Structure formats: structure tokens, C-alpha cells
Amino acid sequence: MAKFRFKAVDSQGKEVLSTVEADSQSAAIEKIRAMRLTPKAIGVVAEDGGAPTVAPATAKPKKRGGDLNINIKLPKFLRGGVKTKDLMVFTRQLATLVDAGLPLLRGLRVLHRQCQNEALKEALAGMIETVETGNTFSESLANYPKIFNHLYVNMVKAGEAGGVLETVLNRLAEFMEKAEKIKNKVKGAMTYPIVVLVAAVGIVVFLMLAVIPKFQQIFDDLMGGEGMPALTSFVIGLSEWVQQYWLFLGVAIVGVVVVLKIFGKTPLGAQMNDRLALRAPVFGDLTRKTIVARLTRTLGTLLSSGVPVLQALSIVKDTTGNYVIAKALQSVHDSVKEGEGMTAPLGACGEFPPMVVSMVEVGEETGALPEMLIRIANTYDDEVDNAVAAMTSIIEPIMIIFLAVVVGGIVIAMFMPLISIIGTIGQQTGA
């Protein structure tokens with residue numbers, strides 16, 4: 001059994017220098033954590049009593065494998081990222097292992113062996129090595145910001161500081177499950193109208209380019225292009241324009257989409273898009289409810305996990321995804337920093353429903369703000385579910401009617417001259 005000298009920090013942030021005996025460095029780290037200390041550096045004490053070789057907490061992970069190993073990997077852009085579902089499963093499994101009493105390092109090794117996602121497997125390998133050098137779990141997560149966002153890292157950090165890592169991991173898994181559920185419902189509601197709209201555009205383009213020109217040729221032969229109804233003349237003229245300028249039209253549509261995408265990435269464009277998303281008819285209310293449900297659940301989860309209120313507000317502001325709401329949360333953050341409550345700035349900004357402001361006020365008065373925020377999130381989750389169901393039931397008939405009017409109008413425009421021609425032929429035959 002070797003002796004290890006370590007540097008750690010206790011729950012009050014006080015630095016501790018001491019030694020511990022263990023069979024290995026990983027076992028020593030587990031012993032240090034069992035003493036409610038956060039290790040920052042650790043090293044083996046030399047047998048001759050010399051100075052120990054200490055691996056600092058910021059040490060980079062060692063490279064795995066010998067010089068003769070050939071490690072062939074696909075490029076990162078071909079390997080894909082880590083889906084929310086994969087991250088959710090990893091978080092839930094790690095919480096179960098830690099809750100069952102398995103040391104964190106051993107739990108990470110178990111999940112690394114069974115992980116199927118290449119990007120997550122590679123991240124786990126690096127995290128295992130980072131933790132072995134004396135870093136905390138949250139510090140190892142911070143090395144992979146594309147997989148573990150700011151919210152994830154800070155919640156784990158709070159769980160480590162409070163000694164409730166398994167509880168925080170369970171909350172994270174539940175949070176991701178609910179967020180993914182709402183996201184999928186909104187996507188599902190938007191899928192149907194998008195599919196119908198694409199189908200309508202495809203049908204109209206096909207009629208304009210392939211069908212209407214044949215009818216036009218028939219009308220020219222039988223009627224000389226004269227005496228046609230106004231609707232028929234309009235549709236034929238539109239078809240001729242599409243045939244002549246289809247390439248220009250396609251390039252213009254692509255160009256507009258690209259310009260809007262580029263403009264949307266600029267600060268001004270992002271602000272305009274976010275304002276439009278909150279004030280758009282029908283969809284604006286749904287967007288606002290979705291954002292409120294997400295941010296209240298995030299804030300409630302952070303506060304109940306022990307994250308300080310100012311830090312929690314900063315995290316929520318950065319993960320909101322909407323400029324208008326983020327600006328409102330910044331004003332709340334500034335007010336709380338000056339010693340005020342959250343209720344007044346929430347009501348003053350005008351971006352949150354009155355019910356949210358009232359429930360936050362009750363939460364602050366009763367000292368149960370985290371629980372009240374979770375209740376708000378649950379309430380708005382239900383409202384989003386109902387709004388999505390109502391929207392779907394309304395959109396379906398509207399899109400069917402839209403498709404029927406567009407395609408039916410074109411068909412009627414083509415058959416009106418045919419009816420006239422058939423009537424004329426019948427009169428001539430009778431005469």
C-alpha cells in the first residue's frame with residue numbers, strides 16, 4: 001500500500017494538505033472524496049521520504065495506447081454527435097450506479113465499456129483519465145462543452161459540493177426527458193403542415209410545367225386562344241411565366257433563404273427573429289409557453305440542486321435561446337444582485353404571463369421558490385400539450401382546404417374552356 005500526498009478543498013472552500021494510504025491513485029481519490037473533500041492534486045510519496053510527484057488537477061489526460069498501436073478512427077464529421085437520448089440514458093445509468101454505492105470512477109468505466117455512441121465513448125475515455133489525475137467530475141465534463149452544456153456542468157458541480165451527486169444526476173435525467181418530450185410534441189405538430197405545404201408546392205409546379213402547357217396547346221388549336229375565361233387566362237399566363245423563369249425563380253428562392261439564414265445569425269437578425277417568434281399569430285403564444293416551461297424548470301432544478309440564485313439566473317439566461325427573454329432575465333439578475341426580489345423585475349419586463357409573476361411572488365414569500373418554479377413548469381407543460389393538440393386539430397383541415405382550393409382552382413380553370421368547347425361542338429352537331 002502506497003502513501004499519497006494530496007491537495008484538496010473542503011465544503012467551505014478551505015485548502016487542505018494531507019496524506020492518505022491506498023493501493024492505487026484512483027483508490028486514494030475515492031478515499032479523499034469519502035472525506036467530503038474535493039481533490040485538486042495528488043501524488044505518490046517517495047519511499048526515501050523525498051518530495052512526492054504530484055499530478056496537478058489541471059493536468060491533461062494521458063494518451064492511451066503504445067507507440068505501435070494503430071488507432072483508425074472516422075473523422076469527427078462522419079461520427080456524428082451525441083443525441084439527447086444517448087446523453088439522457090448515460091445520465092440515468094450513471095445516477096443509478098452512483099446511487100447503488102458504486103464509486104464514480106468505476107461507474108464511468110462500466111458505462112464506457114457498454115457505450116455504443118463513438119463520440120460519447122471517446123469523451124468518457126478522456127473523462128476517466130481526467131478524474132484519475134485528480135480533477136473533479138464537473139471539471140472533466142467541462143472539457144467537452146459540445147456534449148455537456150453549461151447547465152449540465154454547473155448542476156453536477158453543485159451536486160459535488162453538496163454531496164448529492166446521484167440526486168442531481170437523477171434530476172438532470174428527468175429534466176432532459178421532459179424537455180425532449182415537449183420538443184418532440186412541438187416538432188410533431190409542425191411536421192404535418194410542412195409535409196402538406198411541400199406536397200402542394202410540388203403538385204402546383206408539376207401542373208404548371210407539365211399539364212397546363214398541353215391544355216394550352218389544345219385551347220390554341222380549338223379556340224385560337226380567344227374567348228377563354230379570366231381564371232383560365234390567369235392560370236395559363238402564370239404557367240408561361242413559370243416555364244420561362246423557373247430557373248430564376250428557383251435561384252431567387254434559394255437566395256432569399258440563404259440571405260435570411262445569414263441575417264438571422266447576426267445580432268440584429270437574431271433579435272428580430274426572436275421578437276417575431278414571440279409575437280407571431282397562434283405560434284407566438286405556443287413559443288412563449290414553451291420557453292417559460294423550459295426556463296422555469298431549469299431554474300427550479302438548479303436552485304433545488306444548491307446552485308446560488310445569481311449563478312442559476314446566469315445559466316438560465318445563457319440557455320434560454322431567445323434574445324427577448326434573455327434580456328428580461330438579465331434585468332432580473334441585476335435586480336437580485338442589488339438585493340431585490342425576482343417578482344418586481346419579472347412583472348416590469350412584460351414578457352412573462354401574470355400567473356408566472358404571481359406564483360414566483362408566492363414562492364419568494366413562502367421560501368419555496370424552487371418547488372413553485374417546478375409547479376409553473378408542470379402547468380405550462382400541460383398548456384403546451386393542450387395547445388399543440390388544439391393547433392394540430394385546427395391546422396389539418398386548414399391545410400386540406402388550402403390544398404383543395406389551389407389544386408381544385410387549377411383543375412376548374414382548365415375544364416371551364418373544355419365545357420364551352422363541348423357545348424359548341426354539341427350545338428354544331430345538332431344543327
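Entry one, the pocket lining. I found that H7 gives the largest share of the lining of the second largest pocket, eight residues. This is a predicted model, where local features need pLDDT of at least 70, side-chain atom pairs count only at pLDDT 80 or more, and totals for chains, interfaces and linings use all residues. Residues are numbered from 1 along each chain as its sequence is written, and side-chain values use heavy atoms, without hydrogens and water.

I looked up the volume: about 930 Å³. Of the 35 lining residues, Arg 33, Thr 38, Gly 159, Glu 160 and Ala 161 are the closest to the pocket's centre. Elements giving two or more residues to this lining are helices H1 (25–34), H6 (137–142), H7 (150–162) and H8 (165–223), and strand S3 (38–44). Helices (H or I, at least four residues) and strands (E, at least two) are DSSP runs, numbered from the N terminus.

A pocket here is an open set of points on a 1 Å grid over the protein atoms alone, where a 1.4 Å probe fits, with protein on both sides within 12 Å along at least five of seven lines; lining residues have an atom within 4 Å of a point.

Entry two, the surface. I noted a nonpolar patch with about 1000 Å² of accessible area together; its residues include Trp 241, Ile 412 and Met 416. Patch residues have over 30% relative accessible area and no salt bridge, and nonpolar side chains are joined within 5 Å. H9 gives the most, nine residues. Leu 231 is found in helix H9.

Notes. Grid points are joined across faces, edges and corners, and a volume is the space filled by probe spheres set on the points. Patches are made of residues with over 30% relative accessible area and no salt bridge: like charges are joined within 9 Å, nonpolar side chains (Val, Leu, Ile, Met, Phe, Trp, Tyr) within 5 Å. Accessible areas come from the Shrake-Rupley method with a 1.4 Å probe; for residues, only the protein chains shown count as cover. A salt bridge is a side-chain nitrogen of Lys or Arg within 4 Å of a carboxyl oxygen of Asp or Glu.
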